[in-house]
Amino acid sequence: GESCVIGVASAGHELSTRPFQLVTGRVWKGTAFGGFKSRRDVPKLVQRSLDGELPVDQYITHRFDGVDATNSAIDALHSGCCLRAVVRYGPP
């Protein structure tokens, strides 16, 4: 059989298996971003967002203001309760 692990676990979490499962022919594969390539795909996503085709704001669960809030944003992401965090740098 073949298993595909999709996504990234919260910090400190692990996946485990018995070695027997691997030596008997089972295969584990993984993907963190579904084959997403930043250089190729980010410009397309930005254009779709600007065209109103991609509702980016719906995926932002936390917003932070200022450089001092950067660590709070990272903590929120590591906690597992935050889907996407946006930190605004500069004047409001």
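**Salt bridges and pockets**

Reader: D41 is buried, with a relative accessible area of 13%. In this predicted model, which residue forms a salt bridge with D41?

Author: Side chains of opposite charge can pair when their charged atoms come close. For D41, the closest N and O atoms of the pair are 2.7 Å apart, which lies within the 4 Å cut-off for a salt bridge. The partner in this salt bridge is R40.

Reader: Is R40 buried, partly exposed or exposed?

Author: A residue is buried under 20% relative accessible area and exposed over 50%, with partly exposed in between. The value for R40 is 46%. This value falls between the two limits, so R40 counts as partly exposed.

Reader: What is the N to O distance in the salt bridge between R48 and E53?

Author: R48 is itself partly exposed, at 37% relative accessible area. Its side chain meets that of E53 in a salt bridge, for which the limit is 4 Å. The N to O distance is 3.7 Å.

Reader: How many salt bridges does the rule give?

Author: By the rule, the count comes to 5 salt bridges.

Reader: Which element gives the largest share of the lining of the largest pocket?

Author: The largest pocket holds about 310 Å³ of space. Two elements give two or more residues to its lining, namely α2 (38–50) and β4 (85–88). The largest share, 3 residues, comes from α2.

Reader: How many residues of the lining of the largest pocket are nonpolar?

Author: The lining includes L45, V46, P55, Y59 and I60, residues of types that count as nonpolar. S49 and R84 also belong to the lining. The division is 1 charged, 1 polar and, for the nonpolar class, 10.

Reader: How many polar residues line the second largest pocket?

Author: This pocket has a volume of about 210 Å³. Its lining includes G7, S10, H78 and G80, and Gly is among the types that count as polar. By class, the lining has 6 nonpolar and 1 charged residues, and the number of polar residues is 4.

Conventions. Residues numbered from 1 in each chain as written. Predicted model: local features only at pLDDT ≥ 70, side-chain atom pairs only at ≥ 80, totals over all residues. Heavy atoms only, no water. Buried < 20%, exposed > 50% of the residue type's maximum accessible area, 1.4 Å probe, protein only. 1 Å grid on protein atoms, 1.4 Å probe; cavity = no way out; pocket = protein on both sides within 12 Å on 5 of 7 lines; lining within 4 Å. Points joined across faces, edges and corners; volume = space filled by probe spheres on them. Helix = DSSP H or I, 4+ residues; strand = E, 2+ residues; numbered from the N terminus.
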